Amino acid sequence: LNVSMEGVTKGSALAWLLEHELHASREEVAGIGDTTGDVPLREASGFFACPANAQEELKPLADFVSPHAEIDGVMDILAYIQARGRD
């Protein structure tokens with residue numbers, strides 16, 4: 001179930017959290033999405049990834065697309081992020 005309120009998106013929520021609660025920049029966070037409704041999250045995240053089952057329109061916007069779908073894709077993305085942190 002998605003409930004939409006005017007001006008409120010995953011991206012605006014993340015931006016608010018970064019500024020008011022986490023005191024972090026967008027470059028310090030990663031987003032994971034699978035539908036075009038996640039585009040605002042992509043715009044608010046320094047790094048954005050998708051599992052293989054993501055909508056095709058979203059994949060070109062991603063920094064990384066996992067070859068795995070659903071939860072396996074999310075776990076693969078998290079492993080990718082963790083490995084990047086070691087570089």
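How much accessible surface does the chain have, and what share of it belongs to carbon and sulfur atoms? The accessible surface comes to about 5800 Å², of which 54% belongs to carbon and sulfur atoms (Shrake-Rupley method with a 1.4 Å probe).

This is a predicted model, in which local features need pLDDT of at least 70 and side-chain atom pairs count only at pLDDT 80 or more, while totals for chains, interfaces and linings use all residues. Residues are numbered from 1 along each chain as its sequence is written, and side-chain values use heavy atoms, with hydrogens and water left out.

View 1. Three helices and three strands are present, and along the sequence they follow the pattern α-β-α-β-β-α (DSSP runs, H or I of at least four residues for helices and E of at least two for strands, numbered from the N terminus).

**View 2. The setting of Ser66.** Ser66 sits in the loop between β3 (64-65) and α3 (70-85), and this residue is buried, with a relative accessible area of 1% (buried means under 20%, with a 1.4 Å probe and protein chains only). Across the whole chain, 28% of the 87 residues count as buried.

**View 3. The surroundings of Ser66.** A polar atom of the Ser66 side chain lies 3.0 Å from the backbone nitrogen of His68. When neighbours within four places in sequence are left aside, Ser66 is in contact with Cys50, Pro51, Ala52, Gly73, Asp76 and Ile77 (heavy atoms within 4.5 Å).

Notes: Buried means under 20% relative accessible area, exposed over 50%, partly exposed in between (1.4 Å probe, protein chains only). A polar contact is a pair of N or O atoms within 3.5 Å; within protein, one must be able to donate a hydrogen and the other to accept it, and residues adjacent in sequence count only if both atoms are side-chain atoms.
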